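Please look over the sequence and the model shown below before reading on.

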Amino acid sequence: LAAATGSLPEVTFTACGTATHTLGSTLDSQLSLTDCQFSDGSFVDFYTVDIPTTGTYIFNQTSTAFNTYLELVGATGTLIGVNDNFINSDSRLKVIVPAGTYLVVANSFDANVFGNYSLASAASTALVSNCEDVFLLAGISTPQSLQTTDCVSSGFYYDEYVIYLKAGQTVTISMTSSLVDSYLELRADGASSFLVNNDNVDATTKDARVTYTVPVLTTPTSG
């Protein structure tokens, strides 16, 4: 589809297509006026990426032209992770996900901006550390370790993970260890109090497990 008006040059518009990003590669591309555009006015490119095995993966979007905004979405449309400013205007996602096909959303934070960017990805064996945000999708199991470089509160070291849940969805999270007395909390994003917590599953173990169902909000009706 092409359009022109007055003395302005002709602009060609393309449908919102999906390209392929190969895991472990770096791809150079650009946001342009012919790209898809969200309702907030920001331009966006979509890429499918195949994850071969359950594990930890890192995605980076960098640009000197605009403030990047990066998302990873599951095959069913479930948001897995989102990042705006990891370092300056660059974005980074560290995710732990099962094998499958995912959608990488390379976006800008601001409306109506465009320019060159790079999209890179890699598998990672690095443990969660330095109080970093790590995004999860249900269905994974991951070996981790509490370290002195982790988050710390009142002398207790801990790791934080982010998982997006939908209304009515139930999630069960387990933590097992032969070295430490496991403890789990599930909190709403930004909340200081927990939704559910657990120290010992039962009297025979020091493992922890929590189960939580996201409430379904109903709208009151008047009669």
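How many of the seven residues of strand β10 (residues 91-97) are buried? In this predicted model, the number is seven of the seven, so strand β10 is largely enclosed by the rest of the structure.

The side chains of β10 can be sorted by direction: Ser91, Leu93, Val95 and Val97 point one way from the strand, while Arg92, Lys94 and Ile96 point the other way, and all are buried.

Two strands are joined to β10. Strand β7 (residues 55-62) runs antiparallel to β10 and is joined to it by seven bridges, and in this pairing Phe59 stands opposite Leu93 of β10. Strand β13, by contrast, runs parallel to β10 and is joined to it by two bridges, with Ile96 standing opposite Leu136 in β13.

The next topic is the disulfide. The model has one disulfide, which is formed by Cys131 and Cys151, whose sulfur atoms are 1.8 Å apart. Cys131 lies in the loop between β12 (115-124) and β13 (135-136), whereas Cys151 belongs to strand β14 (residues 151-153), so the pair ties together parts that are 20 residues apart in sequence. The torsion about the S-S bond of Cys131 and Cys151 is about 120°, and the disulfide is therefore right-handed. In general terms, a disulfide is a covalent bond between the sulfur atoms of two cysteines.

Cys131 is partly exposed, with a relative accessible area of 40%, whereas Cys151 is buried, with a relative accessibility of 3%.

| Residue | Relative accessibility | Class |
|---|---|---|
| Cys131 | 40% | partly exposed |
| Cys151 | 3% | buried |
| His21 | 2% | buried |

Where does His21 lie? His21 is found in the loop between β3 (18-20) and β4 (26-31), and, at 2% relative accessibility, His21 counts as buried because the cut-off for that class is under 20%. The side chain of His21 makes a polar contact with the side chain of Ser121, at 2.7 Å. When the neighbours within four places in sequence are left aside, His21 is in contact with Leu27, Tyr47, Thr48, Val49, Leu119, Ala120 and Ser121.

Note on methods: Residues are numbered from 1 along each chain as its sequence is written. This is a predicted model: local features need pLDDT of at least 70, side-chain atom pairs count only at pLDDT 80 or more; totals for chains, interfaces and linings use all residues. Side-chain values use heavy atoms; hydrogens and water are left out. A disulfide is a pair of cysteine sulfur atoms within 2.5 Å. Helices (H or I, at least four residues) and strands (E, at least two) are DSSP runs, numbered from the N terminus. Buried means under 20% relative accessible area, exposed over 50%, partly exposed in between (1.4 Å probe, protein chains only). A polar contact is a pair of N or O atoms within 3.5 Å; within protein, one must be able to donate a hydrogen and the other to accept it, and residues adjacent in sequence count only if both atoms are side-chain atoms. Contact means heavy atoms within 4.5 Å. Two strands pair if DSSP finds at least two bridges between them.
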